Amino acid sequence: MHHRPARRSIKDCTVLIVDDQTSSRLVIATLLQDIVTCVQASNAREALDYCAHIPPDLILMDVFMPEMDGHEACALLSLNPKTQQIPVVFVTGSVSDEEQEKCWNAGGVDFVQKPVNATTLINRVKSHLAHKLKTDLLEQLIYTDRLTGCFNRHYLEERLPDIVRDANRDATPLSIAIFDIDFFKQFNDEYGHIEGDTCLWKLAKALKESLLRPMDRLIRIGGEEFMIILPDTNEAGAKTVCERILVTVDRLQLKHNRSPTGMVTVSAGAATFSHDGIGNIDEVVLKADQCLYKAKENGRNTYAYISEAGVIESPGL
Amino acid sequence: MNTTLTLDKKSALKRLMNNENLYDKLVILFSEQVEDIRRTLQNYRDMDTDSLRFALHTLKGSAGEIGAEALRVELARVETIVKMTPDSISDKDIHAVEHEISLLMGELALHYR
């Protein structure tokens with residue numbers, strides 16, 4: 001029942017080849033085709049756009065390209081939190097001392113000389129991908145709650161500032177929903193902690209599957225307490241998510257003799273952060289928590305949220 | 001004595017893990033590219049430094065891929081001149097590149113008769 005992160009291998013990796021020369025891209029793609037999935041970009045701008053949407057596992061970057069060279073592209077990648085973890089290997093015709101300095105200063109992790117030697121290229125790519133996979137796995141373990149497979153509190157502390165910054169930059173609302181399991185202590189007392197863990201696991205699994213967008217993050221923040229971060233979601237969207245949480249849990253029909261309904265239920269609270277609304281994200285989290293408390297006061301198995309008018313609203317009130 | 005080969009196909013193939021199919025494709029791409037760049041270089045006096053350097057660099061890369069070592073070396077020499085002292089580039093330099101291209105095209109014609 002404990003969550004095991006999916007283990008990727010080198011053949012599951014994607015390598016982005018960036019070179020303005022068709023022949024260079026052809027050589028590298030052909031040499032690597034049996035090892036990894038290759039995608040190609042013919043200029044730096046195209047590569048940056050690609051990486052912003054679908055970060056590859058490794059970039060093989062030409063240096064000398066028109067309009068924007070590989071060094072500048074690498075430096076820009078390292079400035080973006082979404083792309084700064086992607087290792088960049090320069091593929092360059094010059095390995096003078098000056099050129100080597102530029103590669104390292106730009107943030108590259110290695111370079112390969114042109115014309116490319118197949119054995120060297122393949123082994124360097126394998127080596128960097130193996131390292132990347134280990135780093136990804138380590139990060140996954142650090143940020144994942146082992147029982148439920150959700151993100152954990154460490155993830156929240158590390159990543160929430162970045163998510164807030166993106167929301168401010170894009171001027172989009174960011175909603176926080178907090179929910180916890182009603183009468184969970186009584187559930188553990190009745191059925192034991194192993195059943196309690198199973199309940200948490202089933203609930204988290206169902207809720208993860210109910211989140212419709214990859215950008216939504218489910219985080220276990222306490223024993224039976226969870227948070228959902230909802231980028232680009234306003235007050236109405238937060239309300240909809242709260243309703244979906246309750247419906248999802250209700251559909252599980254998990255028996256709970258010591259709950260008034262005879263089933264496991266949750267209470268939820270939600271608030272929305274926008275650059276012209278509630279002050280900062282900490283205040284929004286506090287408001288969401290207050291809404292959760294309100295839902296508990298209202299009899300549990302319900303939700304409350306901060307409406308666009310800035311007041312707490314709850315169904316039935 | 002200059003012993004740089006005009007076309008070192010053997011070394012190029014070795015670098016490419018003896019993939020003849022890939023090598024042949026690279027020769028085709030080179031052949032398609034070289035005529036355009038030849039025409040460009042004939043008007044080198046009208047080109048800005050960056051464009052001239054880019055043309056030389058582009059052909060140098062393709063030449064290296066197919067083992068056209070003598071041409072690659074000559075292009076690298078002229079590219080350095082353009083980078084460091086662009087005003088000193090002369091007809092003699094461009095003719096040297098053209099000479100190596102001609103020798104290479106002759107060799108390729110022999111290989112792919």
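Tutor: Taking contact to mean heavy atoms within 4.5 Å, 17 residues of chain A are in contact with 19 residues of chain B. This is a predicted model, in which local features need pLDDT of at least 70 and side-chain atom pairs count only at pLDDT 80 or more, while totals for chains, interfaces and linings use all residues. Residues are numbered from 1 along each chain as its sequence is written, chains are lettered from A and ligands numbered from 1 in the order in which they are written, and side-chain values use heavy atoms, with hydrogens and water left out.

Student: And what area is buried between chain A and chain B?
Tutor: About 1,600 Å², with carbon and sulfur atoms giving 68% of that; buried area here is the accessible area (1.4 Å probe) that two parts lose on being put together, summed over both. Of what chain A buries against chain B, Gln21(A), Phe64(A) and Pro115(A) supply 36%, more than any other three residues.

Student: How many salt bridges are there between chain A and chain B?
Tutor: The count is 0, where a salt bridge is a side-chain nitrogen of Lys or Arg within 4 Å of a carboxyl oxygen of Asp or Glu. Over all chains, by contrast, that rule gives 31 salt bridges.

Student: Which helix of chain A gives the largest share of the side that touches chain B?
Tutor: That is α1(A), with 7 residues, helices (H or I, at least four residues) and strands (E, at least two) being DSSP runs numbered from the N terminus.

Student: How is α1(A) placed against α2(B)?
Tutor: The axes of α1(A) and α2(B), the latter being residues 20–42 of chain B, come within 10 Å and cross at roughly 170°; axes are lines fitted to C-alpha atoms, for helices over the stretch in contact, and angles run from 0 to 180 degrees between N-to-C directions. Angles over 145 degrees count as roughly antiparallel, so α1(A) is roughly antiparallel to α2(B). Among the residues making this contact are Leu26(A) and Val27(A) from α1(A), and Leu22(B) and Lys25(B) from α2(B).

Student: Back to Pro115(A): where is it found?
Tutor: Pro115(A) is in the loop between β5 (110–113) and α5 of chain A, and the peptide bond from Lys114(A) to Pro115(A) is cis, with omega near -5°.

Student: Which residue does Arg124(A) form a salt bridge with?
Tutor: Its partner is Asp110(A), with the closest N and O atoms 3.1 Å apart. Arg124(A) lies in α5 and Asp110(A) in β5 of chain A, so the pair ties together parts that are 14 residues apart in sequence.

Conventions:
Angles under 35 degrees count as roughly parallel, over 145 as roughly antiparallel, 65 to 115 as roughly perpendicular and the rest as oblique.
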